[in-house]
Amino acid sequence: MKLSRQLKGSLIALLATITFSNVYIFSKLAITDVSLASFGILWFGLALLWNITYNWLRKTNHRFKDLSKGSKRTLILISCSELIATSAFFIAIQLTPNPTIVSFLANTSPIFVIILGLLFLKERYSYPEIFGIIITILGVGLINMTKSGFQLKELQSPASLATFTFALFYGISLVLAKTKVGSLPSAMITQYRNIALWLGFIILNIYQFELPNYSSESILYIIIGSLFGPFLGTILTFSALKHLEASKVTLIITSRSFFIILGSFIFLGILPSQIQLIGGLFTIVGIFVISISGMRKNKPSH
């Protein structure tokens with residue numbers, strides 16, 4: 001049975017979500033043993049190695065000089081945007097004891113993507129899709145609820161500001177990639193993104209005048225995390241853009257909070273509250289509504 005573009009894109013985005021969920025756990029475990037600068041060099045150096053190996057096995061030979069001027073400019077902008085977004089993300093992970101908090105705040109990224117999509121991609125939504133978006137955002141809100149409710153001052157903390165910076169520039173990257181989805185291969189975007197981040201963390205090490213230092217446990221966590229996140233997760237995310245609007249891809253990825261809650265419980269011993277579990281289920285339902293309504297909207301009439 002041939003899958004529709006909407007369903008295929010949704011499944012790819014969901015798989016990207018699961019792989020990205022591991023980043024929150026394994027990066028937090030690794031950063032507790034090493035400095036952020038040392039972490040970044042090995043994390044993105046290995047991600048770049050996975051990327052080069054992947055391209056070699058697939059015998060792909062995408063070259064920068066073969067791209068059009070517009071595609072070159074977009075690729076550079078995506079790399080710069082990803083450098084800012086991902087650096088801010090790991091700063092937030094380092095500053096926050098519980099990685100699930102970072103994932104909750106990072107779920108504001110659909111708001112930025114929807115606004116950017118409306119302004120630059122002229123994306124429009126049917127009423128069922130809007131209903132699915134509302135359910136998903138409601139789920140995100142429930143996941144953020146704690147016994148003490150919302151604390152406004154927490155949203156102004158360095159960790160929160162770093163996470164919002166990540167959400168904004170991550171949204172910019174997705175919208176930029178969507179504009180060149182036919183001419184920029186996902187593996188090429190991933191490779192140049194990892195090059196930019198690897199070089200960025202090398203510069204950070206030089207600036208801080210320190211030599212990279214690792215424990216055996218941190219090396220293991222970085223190997224696993226770099227394979228799942230900056231390599232597989234990024235390739236899958238940009239691949240999903242071939243079949244779905246940028247805003248829908250981001251909305252599906254918000255369900256990572258549900259998987260991170262489970263991962264935090266398994267690896268870090270952090271128990272989720274009942275309302276966080278309910279919120280996670282809401283995001284899954286919202287994603288299902290968005291996917292089904294999108295399939296019906298794009299179904300050819302006879």
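These are my notebook entries on what I looked up in this structure, which is a predicted model.

**Entry 1: the overall picture**

I began with the secondary structure and found 12 helices and zero strands in the protein, so that, read along the sequence, the pattern is α-α-α-α-α-α-α-α-α-α-α-α. I then looked up burial, and of the 302 residues of the protein, 50% count as buried. The protein exposes about 14,800 Å², and carbon and sulfur atoms supply 71% of that area. For contacts with a separation of 6 or more, I noted that 89% are between residues 24 or more positions apart.

**Entry 2: the largest nonpolar core**

Which residues touch the most other members of the largest nonpolar core? I found that this core has 49 residues, and that Phe-39, Phe-89 and Phe-90 touch the most other members. Several helices each supply at least two residues of the core, among them helix 1 (5-31), helix 2 (36-57), helix 3 (69-95) and helix 9 (216-240). The largest share, 11 residues, comes from helix 1. As background I wrote down that in soluble globular proteins, nonpolar side chains tend to be buried together.

**Entry 3: aromatic pairs**

A search of the whole structure finds 12 aromatic pairs. The rings of Trp-43 and Phe-90 have their centres 5.6 Å apart and their planes at 70°, and because planes over 60 degrees apart count as edge-to-face, I recorded this pair as edge-to-face. Trp-43 lies in helix 2 and Phe-90 in helix 3, so the pair ties together parts that are 47 residues apart in sequence. Trp-43 is buried, with a relative accessible area of 0%, and Phe-90 also counts as buried, at 2% relative accessibility.

I looked next at Tyr-54 and Phe-231, whose ring centres are 5.6 Å apart and whose planes are at 75°, so this pair is edge-to-face. Tyr-54 lies in helix 2 and Phe-231 in helix 9, so the pair ties together parts that are 177 residues apart in sequence. Are the two residues of this pair buried or partly exposed? Tyr-54 is partly exposed, with a relative accessible area of 24%, whereas Phe-231 is buried, with a relative accessible area of 6%.

I also noted that ring pairs link Tyr-24, Phe-39, Trp-43, Phe-44, Phe-89, Phe-90, Phe-166, Tyr-170 and Phe-201 into a cluster. Phe-39, Phe-89 and Phe-90, which I had already met in the core, are members of this cluster.

**Entry 4: the salt bridge**

How many salt bridges does the structure hold? It holds one, and in it the side chains of Glu-82 and Arg-193 meet at 2.4 Å, N to O. The pair links distant parts of the chain, since Glu-82 is in helix 3 and Arg-193 is in helix 8, 111 residues apart. I checked the burial of the two partners and found that both Glu-82 and Arg-193 are buried. My background note here is that side chains of opposite charge can pair when their charged atoms come close.

**Entry 5: residues along helix 1**

At 7% relative accessibility, Thr-19 counts as buried, and, not counting residues up to four places away in sequence, Thr-19 touches Phe-228, Gly-229, Leu-232, Gly-233 and Leu-236.

Leu-14 also lies in helix 1, but at 31% relative accessibility Leu-14 counts as partly exposed. Its contacts, again leaving aside neighbours within four places in sequence, are Ile-252, Ser-255 and Phe-259. The C-alpha atoms of Leu-14 and Gly-233 are separated by 10.0 Å, although the two residues are 219 residues apart along the chain.

Leu-15, in helix 1 as well, counts as partly exposed at 46% relative accessibility. On the surface, Leu-14, Leu-15 and Ile-18 form a nonpolar patch, with about 230 Å² of accessible area together.

**Entry 6: helix 11 and what follows**

Last, I looked up helix 11 (residues 256-268), where the buried residues are Arg-256, Ser-257, Phe-258, Ile-260, Ile-261, Gly-263 and Ser-264. Helix 11 is followed by Gly-269, and I noted that the phi of Gly-269 is positive, near 70°.

Technical notes. Residues numbered from 1 in each chain as written. Predicted model: local features only at pLDDT ≥ 70, side-chain atom pairs only at ≥ 80, totals over all residues. Heavy atoms only, no water. Core = buried A, V, L, I, M, F, W, Y, C linked by side-chain atoms within 4.5 Å. Buried < 20%, exposed > 50% of the residue type's maximum accessible area, 1.4 Å probe, protein only. Helix = DSSP H or I, 4+ residues; strand = E, 2+ residues; numbered from the N terminus. Patch = residues over 30% accessible without salt bridge, like charges linked within 9 Å, V, L, I, M, F, W, Y side chains within 5 Å. Areas by Shrake-Rupley, 256 points an atom, 1.4 Å probe, with all protein chains shown as cover. Salt bridge = Lys/Arg side-chain N within 4 Å of Asp/Glu carboxyl O. Contact = heavy atoms within 4.5 Å. Phe/Tyr/Trp six-rings, centres within 6.5 Å; stacked < 30°, edge-to-face > 60°.
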